[in-house]
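Come along and check each entry on the screen as I go.

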Amino acid sequence: MAIGVFDSGVGGLTVHRELTRRFPDRDFVYLADQANAPYGGRGGEEIVDLTRAGCERLFESGANVIVLACNTASAIALRRLQQTWVPEARARHGRPINVLGIIVPTIEAATGMPWDYEAERHGDKVEAIDVTGVFCTAATAMSRVYEIEIDKRREDLAVFSEPCPGLAGLIELGAPAEELKVVVDDHVDALRRRIGRHPDQAILGCTHYEIVADLFAAALPPGTPVIHQPTAVADALARYFERHPEYDLGGSGRRDFLTSGKAGPQSDLVSQFWGAPLTFAPA
């Protein structure tokens with residue numbers, strides 16, 4: 001039994017690394033759907049189907065709780081799977097299982113409010129507005145999940161999403177830092193022009209972007225707070241397991257890395273981020 005971590009590619013390793021630090025004795029299975037990466041430019045139904053197939057593969061590998069370490073999958077597929085597929089899968093596998101996302105803990109971290117909180121609306125004029133910039137895939141931007149959910153909790157936070165088409169793919173392919181810097185700088189500047197100034201805080205709304213978080217930090221004004229999803233997700237998962245002791249998560253410290261794409265060593269960029277060479281086995 002294990003904790004499963006799913007992403008379209010290597011971006012979810014940013015979340016996976018933090019989870020293994022937080023739960024070092026637990027068993028983990030990571031699955032990258034590299035044969036179909038990236039998800040950001042795909043249609044909604046296709047994203048749902050691919051996410052469902054990846055989760056089923058992880059359940060078959062012994063995962064009891066799966067973290068969708070992919071903003072696109074979390075924004076587009078998670079609710080559908082939780083409502084219509086997870087109950088059937090739970091009955092079929094005959095054990096407690098669940099699929100969790102990463103957007104809820106990110107919004108909690110960005111707003112400082114719990115997910116079940118909803119601000120009261122009195123119609124009063126909000127005197128001070130802070131701006132949150134969200135760098136994300138096109139599919140996540142189109143879902144408007146960050147705009148909608150943050151506004152429910154904080155009237156004093158305005159949200160602007162900046163879709164970064166192609167960036168996740170470049171990171172997945174191990175593009176050189178010089179090429180990635182140009183793309184990141186362009187998107188940070190594009191968001192600045194749309195807002196009229198730089199954001200007061202930023203969310204890296206694609207786990208691939210965490211691999212190049214240093215490039216975003218360098219492009220933003222010094223000291224701009226950046227919401228880091230891996231930390232937020234690990235905090236939320238620890239609270240979840242406290243409330244749900246029924247899950248068997250293994251205790252041997254096993255680490256399996258699977259891919260639907262080409263098995264073998266990952267790119268130098270991923271190895272540098274991970275801190276050691278990383279090899280995936282075929283899924």
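Predicted model: local features only at pLDDT ≥ 70, side-chain atom pairs only at ≥ 80, totals over all residues.

In which sense do strand β2 and strand β9 pair, and over how many bridges? I looked up residues 28-32 for β2 and residues 255-259 for β9, and I found a parallel pairing over five bridges. A reminder to myself: strands of a sheet pair through backbone hydrogen bonds, either parallel or antiparallel.

**The whole sheet**

Next I followed the strands across. I wrote down the order β4-β3-β1-β2-β9-β11-β10, an open sheet of seven strands with mixed pairing. Its edge strands are β4 (98-100) and β10 (264-265), and each of these pairs on one side only. Then I looked for a helix lying across the sheet strands, and I found α1 (residues 13-22). Helix α1 lies across β1 (2-7), β2, β3 (63-68), β9 and β11 (279-282). I noted that α1 runs at about 175 degrees to β2.

**Two helices side by side**

How do α2 and α4 lie relative to each other, roughly parallel or roughly antiparallel? I took α2 as residues 44-60 and α4 as residues 78-93; their axes come within 12 Å and cross at roughly 25 degrees. Angles under 35 degrees count as roughly parallel, so α2 and α4 are roughly parallel to each other. I also recorded that α2 passes α4 in a right-handed crossing.

I then listed who meets whom. From α2 I have E45, V48, T51, R52, C55, E56, F59 and E60, which meet R80, L81, W85, R92 and H93 of α4. Sorted by class, this contact has five nonpolar, two polar and six charged residues.

In the loop between β2 and α2 I found P38. A cis peptide bond joins A37 and P38, with omega at about -5 degrees.

My next stop was R144, in the loop between α6 (138-143) and α7. R144 is not a glycine, yet it has a positive phi of about 55 degrees.

Last, I looked at I148, which lies in helix α7 (residues 145-153). I148 has 39% relative accessibility, so it counts as partly exposed.

Methods
Residues numbered from 1 in each chain as written. Heavy atoms only, no water. Pairing = 2+ DSSP bridges. Helix = DSSP H or I, 4+ residues; strand = E, 2+ residues; numbered from the N terminus. Contact = heavy atoms within 4.5 Å. Axes fitted to C-alpha atoms, helices over the stretch in contact; angles between N-to-C directions. Buried < 20%, exposed > 50% of the residue type's maximum accessible area, 1.4 Å probe, protein only. Parallel < 35°, antiparallel > 145°, perpendicular 65-115°, else oblique. Left-handed = near helix turned anticlockwise from the far one by under 90°. Nonpolar A, V, L, I, M, F, W, Y, C, P; charged D, E, K, R; others polar.
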